[in-house]
Each structure stands twice: as C-alpha cells, then as structure tokens.
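Thanks, everyone. Please look at the screen while I talk.

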Amino acid sequence: MPEILAAKLIRDVPDFPKEGIMFKDVTPVLMDAKAMQQAVDLLAEDAKAQGAEVIVGIESRGFIFGVPVALKLGLPFVMARKLGKLPADKIHEEYALEYGTNTVEMHTDSIRPGQKAYVVDDLLATGGTAAASARLVERLGGKVCGFGFLVELSFLGGRQNLLGYPIHALIEY
Ligand code: AMP
C-alpha cells in the first residue's frame, strides 16, 4: 500500500467524548484535499474489487467518505442513520455500547434483493455499529461484499464482530 497521507493528519484528542477515550479526529483530513482524494481513491478501489453495487455510509462520518466513493464508482449511496432521523418506511437494528444501546436505521427501499453493498465508515472500533449496519443490509435482502474504513483501532478487536466479511482499513492503530 502507498504511504497514506491521512495518517499524519489524524489528531488524537484524549478524554473525548469521555474520560479514557482517545478520540481519533479526522477533521484535519477533510481539510486536506490531497489526503482526502487519496483516501477516497483507495476505498473506491477496494469497493470496486469487492464488486460493490451500492455504497452504504454509516452516520455521520461514513457519509463524508461514502458519498465520494459512490460518485467515483457511479454507484448509488445509501445512509445507515441513527434512530429517528430517516423519514420514510424503515427498519432498525440495536447494538450494545459500553453502557446501554444504540440503534441504526435504513429505509426499506434502499437495498434491492441480492444487491452487493460495501459499507463505509471513518473508523472501526468495537465493530458494533458496522455489524448492526450489515444486519440491516442483510434483512433487506442484500449482501455485504466488504467494509471500508479510514482507521481501524485493531486493539479493540472489531474484526471479531465482522467475521467472514472482507475488511479494508487504510490506517491501523
Ligand atoms: P464501534 O461501533 O465501536 O466500532 O464504533 C464505531 C463508531 O464510533 C464510528 O462511527 C466512529 O466514528 C466512532 N468511534 C468510536 N471510537 C472512536 C474513536 N476512538 N475515535 C473516533 N471515533 C470513534
């Protein structure tokens, strides 16, 4: 893999959003067009190699990376959103957090049966969000052909939640 320009730009913010969490802030990557272009190109290359027919972006930073990937490949883009944001007919999946649960939703008409979906987010941590998004795609009759992340926090073992799926992460910590 080439040198990933975004790697030098990601900013560590300790104790955000709560004590003990080292937040990987990708906003400086968005401010650098070359780093952003490279990240989008590499994610699009993987999505294409996995045979993607639709790109699913996970709210909210998955939208920022997912939309340009979809545009580059000429593919549809679909949102996996947090609870209560999608207006039309939808399904939801819950996943566990350290304390409590979160919910993601997708519109029921967003995936066609058999369609191959490539799921994009900025960062893979425990994998709960990505796994719930995959369940949504599969309940709608689609297939998850792969996951693309800018960053993987490999010490959190998120891949264990995504066994059997191809996972591509540009930067690993
Ligand atoms: P998880 O479900 O644990 O894999 O969490 C993934 C989601 O939470 C992604 O949408 C990330 O944007 C966000 N996230 C989790 N941990 C971090 C972190 N340390 N830094 C930045 N974003 C994070």
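I'll start with the ligand and finish with one histidine.

First, the ground rules. This is a predicted model: local features need pLDDT of at least 70, side-chain atom pairs count only at pLDDT 80 or more, and totals for chains, interfaces and linings use all residues. Residues are numbered from 1 along each chain as its sequence is written, and side-chain values use heavy atoms, with hydrogens and water left out.

Now the ligand. Which residues come nearest? Of the 13 residues around the ligand, they are Arg61, Asp121, Thr126, Gly127 and Thr129. Around here means having a heavy atom within 4 Å. Three elements each supply at least two residues of that shell: strand S2 (22-25), strand S7 (116-124) and helix H4 (128-139). Helices (H or I, at least four residues) and strands (E, at least two) are DSSP runs, numbered from the N terminus.

Next, polar contacts. These are pairs of N or O atoms within 3.5 Å; within protein, one must be able to donate a hydrogen and the other to accept it, and residues adjacent in sequence count only if both atoms are side-chain atoms. Threonine 126 places a side-chain N or O atom 2.6 Å from a ligand oxygen. Aspartate 122 has a polar side-chain atom 2.7 Å from an oxygen of the ligand. Methionine 22 uses a polar backbone atom, 3.0 Å from a ligand nitrogen.

Last, histidine 107. It lies in strand S6 (residues 101-107). Buried or exposed? Histidine 107 is buried, at 17% relative accessible area. Buried means under 20%, exposed over 50%, partly exposed in between (1.4 Å probe, protein chains only). The histidine 107 side chain reaches the backbone nitrogen of alanine 88 at 3.0 Å.
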